Amino acid sequence: MKRHVDILITQWALDSYLELKHTKQFSSADYERTIRPDVRLLREFPKPPKFASNKFWSPATVNGHALPSGFKMKWHNLGDRRVQLRLPVGLGFTGELAMTAVLLHAYIKTDRNSEARQLAKMRTRLELLVMRKYIVKGRLT
């Protein structure tokens with residue numbers, strides 16, 4: 001029997017979620033109806049059809065090179081502000097993080113330069129995961 005993918009919430013993810021929520025980038029309804037259900041799909045990865053859509057899920061790339069174990073969940077025109085929300089996810093590790101999706105942080109995509117900065121942050125955080133230098137704040141069930 002195949003077990004579900006565990007979903008870890010890091011301190012980075014929690015902090016970014018709280019900042020985005022505090023600045024009203026999305027509403028509680030957006031979170032409850034759209035974001036959380038989509039993130040919970042990671043438990044069944046790669047089975048849900050949404051993961052086949054590059055408008056929702058894609059490898060994270062920097063200068064055309066994929067980041068090992070780095071992916072992005074994407075929401076377009078979310079909420080009243082019609083923001084482009086991104087959630088970097090670490091997935092596909094070996095060892096203790098096998099069968100685990102790690103939520104790294106969330107951000108609003110505004111332009112190419114801000115996206116590049118966020119992907120650089122993601123690359124660093126993926127490296128810190130491998131070195132076991134991260135704080136788990138919870139699990140999404």
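Predicted model: local features only at pLDDT ≥ 70, side-chain atom pairs only at ≥ 80, totals over all residues.
1. Contact here means heavy atoms within 4.5 Å. By that rule, and leaving aside neighbours within four places in sequence, Asp6 is in contact with Met99, Thr100, Ala101 and Arg139. Asp6 belongs to strand β1. Helices (H or I, at least four residues) and strands (E, at least two) are DSSP runs, numbered from the N terminus. Asp6 is partly exposed, at a relative accessible area of 30%. Buried means under 20% relative accessible area, exposed over 50%, and partly exposed in between (1.4 Å probe, protein chains only).

2. Residues are numbered from 1 along each chain as its sequence is written, and side-chain values use heavy atoms, with hydrogens and water left out.

3. Ala101 is one of the contacts of Asp6. Ala101 lies in strand β5. Ala101 is buried, with a relative accessible area of 0%. Not counting residues up to four places away in sequence, Ala101 touches Val5, Asp6, Ile7, Leu8, Leu42, Val89, Gly90 and Leu91. From Ala101 to Leu14, 87 residues apart along the chain, the C-alpha separation is 15 Å.

4. Which residues touch the most other members of the largest nonpolar core? They are Val39, Leu42, Trp57, Met73, Trp75 and Val89, in a core of 27 residues. A nonpolar core is a set of buried Ala, Val, Leu, Ile, Met, Phe, Trp, Tyr and Cys residues joined through side-chain atoms within 4.5 Å. Two or more residues of this core come from each of α1 (11–22), α2, β3, β4 and β5. Another core, of 15 residues, lies apart from it; Trp12, Val102, Met122 and Leu126 are among its members.

5. Neighbours within four places aside, Met73 is in contact with Asp38, Val39, Leu42, Phe51, Phe56, Trp57, Leu85, Arg86, Leu87 and Val89.

6. Helix α2 has a kink of about 30° at Thr34, shortly before the proline Pro37. The bend at a residue is the angle between axes fitted to the seven residues ending there and the seven starting there. The buried residues of α2 are Asp30, Tyr31, Ile35, Asp38 and Val39. Their cover includes β1 (6–10), α1, β3, β4 and β5.

7. Three salt bridges are present. A salt bridge is a side-chain nitrogen of Lys or Arg within 4 Å of a carboxyl oxygen of Asp or Glu. Asp38 pairs with Lys50, with the closest N and O atoms 2.8 Å apart. Asp38 lies in helix α2 (residues 28–40) and Lys50 in the loop between α2 and β2 (57–62), so this pair ties together parts twelve residues apart in sequence. Asp38 counts as buried, at 8% relative accessibility. Lys50 is partly exposed, at 37%.

8. Lys72 and Glu115 form another salt bridge, the closest N and O atoms being 2.7 Å apart. Lys72 is in strand β3 (residues 65–78) and Glu115 in helix α3 (residues 112–130), so the pair ties together parts 43 residues apart in sequence. Both Lys72 and Glu115 are buried.

9. Are Arg132 and Glu96 buried or exposed? Both are exposed. Their side chains meet in a salt bridge (3.3 Å, N to O). Arg132 is in the loop between α3 and β7 (136–139) and Glu96 in the loop between β4 (83–90) and β5 (100–103), 36 residues apart.

10. There are eight aromatic pairs. Rings of Phe, Tyr and Trp (its six-membered ring) pair if their centres lie within 6.5 Å; planes under 30 degrees apart count as stacked, over 60 as edge-to-face and the rest as tilted. The Phe45 and Phe51 rings have centres 4.9 Å apart and planes at 80°, so this pair is edge-to-face. Phe45 and Phe51 are both buried. Trp57 and Phe71 have ring centres 5.0 Å apart and planes at 10°, so this pair is stacked. Trp57 is in strand β2 and Phe71 in strand β3, 14 residues apart. Trp57 is buried at 7% relative accessible area, and Phe71 at 19%.

11. One aromatic cluster is formed by Phe45, Phe51, Phe56, Trp57, Phe71 and Trp75. The charged end of Lys50 sits over the ring of Phe56, 4.8 Å from its centre. Such a charge has NZ of Lys or CZ of Arg within 6 Å of the ring centre and within 35 degrees of the ring normal.
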